[in-house]
Structure formats: structure tokens, C-alpha cells
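Subject: Structure handover

Hello,

Here is the structure you will be taking over. Please open it first, then read the notes below.

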Amino acid sequence: KVPVTHSDPLTLALSLDKGMAKRVVASAGLATPPYVIITSEAELDALELPLPLIAKPLFEGSSMGIRTRSRIAEATQIRPTILGILSDYRQPVLVEVFQTGPELTVGVLGTGPEARVLGMMEVVPRNTPLNEFVYSLEVKRNYQAEVEYQAPPRRAPELIGAVERLALECHRLLGCRDVSRVDI
């Protein structure tokens, strides 16, 4: 009987499982990149997503397992990149079509219909073209040299509004309570 804030265990588990979170979001008609979940080397032969790709551990957060080399631009990189993640993290690998464009982080405060966007930040690369940028563990460890944080983002109001709406819909669909961060 201790009062708590934030989301319940089911929501936390759902949002940490990238594949399940994508299924829930996609089932409501929200945009999510095409993807597959790879659980073994044998499944690599059936991988038919167009390059470039991004590969990441299915159950990690805070960029765990997302390295600069996680962006797969050439077919010869597919097998070693995905097998490396399977081996290192001992869990399935989410492989998505790599999305270019700004890296936006949206803070959401509240629950259900009362939820609102608290703020938004853009991660702007300093040394990498935007169409190749991965907000990786290496970048986070050297953030002062690698990125600039812009809060609020210097983007068109139409884009900001669309991202805010998407973040709120994701927050609500996933059952988040009190506070969340949605990365888009």
C-alpha cells in the first residue's frame, strides 16, 4: 500500500520490448519503420528489408547495444552486425529500415486524455551527416564533441506538431502513466 508514480509493470515490460511496442503502435495505424525480429542465424537468409538498416537488441534501453556500426549500409555488414548483437546480448535483434531525419526526444507528462507534451529536444549531429547519424553509445559517451542538443528544436511548426501528436498517441497507446519519454 505504498503510493507510486509512473507506469505499471505491464507497461514498462511492453515498452522495453521493442517488437511488442511496435506491434501495439502499428495496430493503431501509427507510423513505424518496417522491421523483422531475428532470433537465430538461420533467419538471416530470409531477411528482405531494403538497405540501409539499423540493428539493436530487442530488450535493451538507453542505447545499450546500439553502436555506430549498428547502421547497416551494405549487404556484407548484415550477417556480422546481427550475429554480433545476438552473441553479445543473448537476445533477439530488432532489424528496422533505417530512418533518416531529425532525432527527437519528447517528454510527456500526465495520464490518458490529460497527458500533454512537456517539452521536446533534438539531437543534432556535429560530425556525421544527418542521413547517416546513429545516436549510439559512442556518441552518448562523447556527446560534447559529437552532438548539440536543441531544446526546443529549430524545426517547422508543422513537424513539431506532428511529432507531439505522435508522442502523445504512443504514450496513451502503450498505457504510460504520469511521465514518459518518446524518441522519434
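A residue counts as buried under 20% relative accessible area, as exposed over 50%, and as partly exposed in between. By that scale Asp-8, at 26% relative accessibility, is partly exposed. Please keep in mind that this is a predicted model.

Salt bridges

Side chains of opposite charge can pair when their charged atoms come close. How many salt bridges does a search of the whole structure find? The search finds nine.

Start with Asp-8. Its side chain meets that of Arg-177 in a salt bridge, 3.8 Å from N to O. Arg-177 sits in the loop between H6 and E8, and Asp-8 in the segment before H1, so the pair ties together parts that are 169 residues apart in sequence. Arg-177 is partly exposed, with a relative accessible area of 31%.

Next comes Glu-41 with Arg-79. The closest N and O atoms of this salt bridge are 3.2 Å apart. Glu-41 belongs to the loop between E1 and E2, while Arg-79 is in helix H3 (residues 75-89), so this pair ties together parts that are 38 residues apart in sequence. Glu-41 has 44% relative accessibility and counts as partly exposed. Arg-79 is also partly exposed, at 33%.

Then look at Arg-154 and Glu-148. Their side chains form a salt bridge of 3.6 Å, N to O. Is Arg-154 buried or exposed? Its relative accessibility is 63%, so it counts as exposed. Glu-148 is partly exposed, with a relative accessible area of 27%.

Backbone

Most residues other than glycine have a negative phi, and most peptide bonds are trans. The following places depart from that pattern.

Two cis bonds come up. The peptide bond from Leu-51 to Pro-52 is cis, with omega near -5°. Pro-52 lies in the loop between strand E1 (35-38) and strand E2 (53-57). Ala-151 and Pro-152 are joined by a cis peptide bond too, with omega about 0°. Pro-152 is in the loop between strand E7 (147-150) and helix H6 (157-173).

Now for phi. His-6 is not a glycine, yet its phi is positive, about 80°. His-6 lies in the segment before helix H1 (9-16). It is partly exposed, with a relative accessible area of 38%.

Ser-63 has a positive phi as well, near 70°. Its place is in the loop between E2 and strand E3 (71-72). Is Ser-63 buried or exposed? Its relative accessible area is 8%, so Ser-63 is buried.

Pocket and surface

The second largest pocket has a volume of about 170 Å³. Which classes of residue line the second largest pocket? Its lining has five charged, four polar and three nonpolar residues. Among the lining residues are Arg-69, Arg-71, Glu-132, Glu-138 and Glu-146. Thr-68, Gln-77, Phe-133 and Val-139 are included too.

Finally, the surface. Leu-109, Leu-118 and Val-179 make a nonpolar patch of about 230 Å². Val-179 is in strand E8 (residues 179-183). With 33% relative accessibility, Val-179 counts as partly exposed.

Over to you.

Notes:
Residues are numbered from 1 along each chain as its sequence is written. Side-chain values use heavy atoms; hydrogens and water are left out. On a 1 Å grid over the protein atoms alone, a cavity is a set of points where a 1.4 Å probe fits but cannot get out, and a pocket is an open set with protein on both sides within 12 Å along at least five of seven lines; lining residues have an atom within 4 Å of a point. Grid points are joined across faces, edges and corners, and a volume is the space filled by probe spheres set on the points. Ala, Val, Leu, Ile, Met, Phe, Trp, Tyr, Cys and Pro count as nonpolar, Asp, Glu, Lys and Arg as charged, and the others, Gly among them, as polar. Patches are made of residues with over 30% relative accessible area and no salt bridge: like charges are joined within 9 Å, nonpolar side chains (Val, Leu, Ile, Met, Phe, Trp, Tyr) within 5 Å. Accessible areas come from the Shrake-Rupley method with a 1.4 Å probe; for residues, only the protein chains shown count as cover. A salt bridge is a side-chain nitrogen of Lys or Arg within 4 Å of a carboxyl oxygen of Asp or Glu. Helices (H or I, at least four residues) and strands (E, at least two) are DSSP runs, numbered from the N terminus. Buried means under 20% relative accessible area, exposed over 50%, partly exposed in between (1.4 Å probe, protein chains only).
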